[in-house]
Amino acid sequence: MSQRQIIQVFEQYQKSRMQFVQTISDLAARPQNIEILHNAGVMSLLRPLLLDVVPGVQHTAALALGRLADSSNSLAEAVVKENILPDVVQSVTSHNRFQKKAAAFVLRAVSKHSPELSQAVVDCGGVDALVQCLMEFDPGVKEAAAWSLGCTARHNATLSQTVVNAGAVPLLVLCLLEPEMALKRIAASTLSDICKHTPELAHAVVDAGAIPHLAQLILSRDTKLKRQVFSALSQIAKHSADLSEMVAEVGVFPAAMTCLKDPDEYVRKNVTTLMREMAKQTAELSQLVVNCGGLGAVIDYLNDCSGSLRLPGIMMLGYVASHSESLAMAVILSKGVSQLAVCLSEEPEDHIKAATVWSIGQIGQHTPDHAKAVATANLLPKILKLYTDASSSEDLQAKSKKALKSILQKCTHLPALEPLLYDAPSKILKHVMCQFSKVLPHDSKARRLFVTSGGLKKVQEIQAEPGSVLQEHINAINSCFPEEIVRYHSPGYSEVLLERLENYQPT
Amino acid sequence: MCMNYIYFFNQKNGTYPSPIKSSLSCVCCSSQAEENRKRENQAAILIQSWFRGCLERAYLSHLHKKAIIIQKIWRGFTARARVRQMVKAAYFIMKMNFYEEMAVRIQQRWRGFYARKHIHDFYARKSYMEGIIKKNNFVREELDEICYLQKKERESLKMIKEQTAKVYQAHRLHYLLSTKQCPGVFNSPFRQAPHEMELLLRQVKHSAPTRLVPKSRVSFLGIPDPAACSFSAPTESPWIKSTRTCSIRPALPPIASRNHQVMAVKARTKSLDVED
């Protein structure tokens, strides 16, 4: 055979290889083909093609492999089991940027499913190779590398620590400064995934100078970028007070509030999460949030959205109110209590209701004025109902009880306490009685109201063990009134009177 | 004293034997006289010692009495001095208590005043709460404004995009323009007025049907940056004929084309037409 014919054989083989990998990668893009491909043994066929001479075949094979691993857990495990990972890592270190991108895509697809698979990627030296990729010029390669690092770091703290130890953080911060929007998004999301586990990791990110750059990105127009940036900032701020203070110093606050009116709901949710994490830490930070007018904005946010999006806003109000009574009064004056009442009545889910009840408890627990504000919004019967309702979860019941107890201990507004006399279980009742016994001895109008509204009658009907705290309070209340009235209202008085009538002999 | 007395007596005793002598000095009855002498001597000694004893005792009791007087006066003096001191001290303590009580009252009033005025300043708190409400409303208004502006911006961007898309479509569909003889698709005789697409088609500048030059693509992408929000009417698109005659670029004849001269003539006649 002549030389040309021999070379033609090789060319044909190359063409058929190329066609094979391209078809496989197109088929792998559709989820229904995955199972069939897996059963046909596509993994073992793709593996030698990864090391092919022709770069086009190599990178298309990697792309196909990535798509296969992306779509299902079992295929990703197959990738690991068949020892394809070292070859992939080898491709990552190659010079061709398409191959790097495709190989990084494969690593991402494998590591995103579970921590064990990520650990396998780490063990093959994947992390170091990806960090090398971050130093490239091409933004596509950097994006793919950053995304795979993000998927790895997402699972738990040890994997994040490995990523940080490989020196990824300064490179990611540099990626934030690049002009490409997609790269910025991925870098922000990876930083957010790294910081979320422990304070030390958050400190590592902050030490690389991430906060000022993230703060600048708040002003961008891109929605997804803003989501990731706020998520990253809130993950940093949540760990400790000085991290929150560092975030606050950069001047994030007034700018972040403009994003509360963003049309995208996740951006708003992440801003509110950031505000919640900052308000949680110290009283000064809550003060800062309130002084910037944050309360009004958050209450409007709660009004606009619904469902689990409300949760960070509700918790933020609770944390702000918990620090001091002036902040709680600020929450009340910003119409926070009425908004929380609306949330309580509208939301069906138990955990959101539990958070709302907790926040209400934090607001009402400080002084009688606060308790009065909560009571006049007619919230006490609602919370009582949640406490006694059998279908509420344990968490909701525990929180309702605690909130009721703390509010009742300060509540001196008797008209609001009276409805509670009727349905409350004994544990709540003793607090109600305690409050009555404190207020009634001093206020004659209240006593009159108490008698005319039927409260005294109800008190007589309560059965309590003698010597218990409840009985003491009942005695204290009874001693505020003249004997005849107490006897008149006690149950069975009409029978006593009738008996006396029968025994009476007119002279 | 007793010791002195004894000592004194013994001293006296020492000198006694010599002076006392008996009056009887007969030799025959010297033994009786001696006996008498001894007896009388003893009696004299006894009397004298008793008498001396009395003297001493009287002297001693005199001394006692004087000592008692001295001690009495001295004790009275020190006791009175002590009492005076105690009275002074008690008076001092009473005064100090009084001062301290008054100081406590002053401090109470002052601290109450200071706390009410500065630490738990009621009016400051009230104005703070009012300030917060005002700030909330202010922030709400600002945020509403910003939201409104952003919405308008987004809408204008959308409109620009749509308009450019329409113009591009008109550019591609230029052949649907109606002619004098035959009304186009968008200019149906049953309509009162031509469709907007028809108007666009009339406005669009028809480019020469050469091969698709990449530059036209670039000019499409070179439309002013969407981030620079210009609220003015849709921008100068390369396809819409501008009314300014002098800004029309002369169509350069293609280099490799065979109908080089024909194209040049056509271009020149076109520019002449527009100038008319």
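# Reading helices in a two-chain model

Guide: Welcome! Read along its sequence, chain B follows the pattern α-α-α-α-α-α. Chain B has 6 helices and 0 strands; helices (H or I, at least four residues) and strands (E, at least two) are DSSP runs, numbered from the N terminus. This is a predicted model, in which local features need pLDDT of at least 70 and side-chain atom pairs count only at pLDDT 80 or more, while totals for chains, interfaces and linings use all residues. Residues are numbered from 1 along each chain as its sequence is written, chains are lettered from A and ligands numbered from 1 in the order in which they are written, and side-chain values use heavy atoms, with hydrogens and water left out.

Visitor: How many of the residues of chain B count as buried?

Guide: Buried means under 20% relative accessible area, exposed means over 50%, and partly exposed is in between (1.4 Å probe, protein chains only). Of the 276 residues of chain B, 13% count as buried.

Visitor: Is B:Lys166 buried, exposed or partly exposed, and which residues is B:Lys166 in contact with, leaving aside its neighbours within four places in sequence?

Guide: B:Lys166 sits in helix H3 (residues 122-172) of chain B. Because its relative accessibility is 28%, B:Lys166 counts as partly exposed. Contact means heavy atoms within 4.5 Å. Leaving aside neighbours within four places in sequence, B:Lys166 touches B:Glu196, B:Met197 and B:Leu200. B:Leu201 is 35 residues from B:Lys166 in sequence, with 9.9 Å from C-alpha to C-alpha.

Visitor: Which buried residues does helix H5 of chain A have?

Guide: An α-helix has 3.6 residues a turn, so residues three or four places apart point the same way. In H5 (residues 73-81) of chain A, the buried residues are A:Leu75, A:Ala76, A:Ala78 and A:Val79. They lie on the same side of H5(A) because they cover an arc of only 155 degrees around the axis; the arc is that of the directions from the helix axis to the C-beta atoms.

Visitor: What covers the buried residues of H5(A)?

Guide: The cover includes helices H2 (34-39), H3 (42-50), H4 (55-71), H6 (85-92), H7 (97-111) and H8 (115-123) of chain A. Just after H5(A), look for A:Asn83, which takes a positive phi of about 60 degrees.

Visitor: At what angle do helices H10 and H13 of chain A pack?

Guide: Axes are lines fitted to C-alpha atoms, for helices over the stretch in contact, and angles run from 0 to 180 degrees between N-to-C directions. H10 (residues 139-153) and H13 (residues 181-195) of chain A pack at about 20 degrees, with their axes 9 Å apart. That makes H10(A) roughly parallel to H13(A); angles under 35 degrees count as roughly parallel, over 145 as roughly antiparallel, 65 to 115 as roughly perpendicular and the rest as oblique. By class, their contact has 9 nonpolar, 2 polar and 3 charged residues. Ala, Val, Leu, Ile, Met, Phe, Trp, Tyr, Cys and Pro count as nonpolar, Asp, Glu, Lys and Arg as charged, and the others, Gly among them, as polar.

Visitor: How do H28 and H30 of chain A cross?

Guide: The axes of H28 (residues 394-408) and H30 (residues 426-439) of chain A come within 10 Å and cross at roughly 10 degrees. H28(A) and H30(A) are therefore roughly parallel to each other. Among the residues making the contact are A:Leu404 and A:Leu408 of H28(A) and A:Ile428 and A:Val432 of H30(A).
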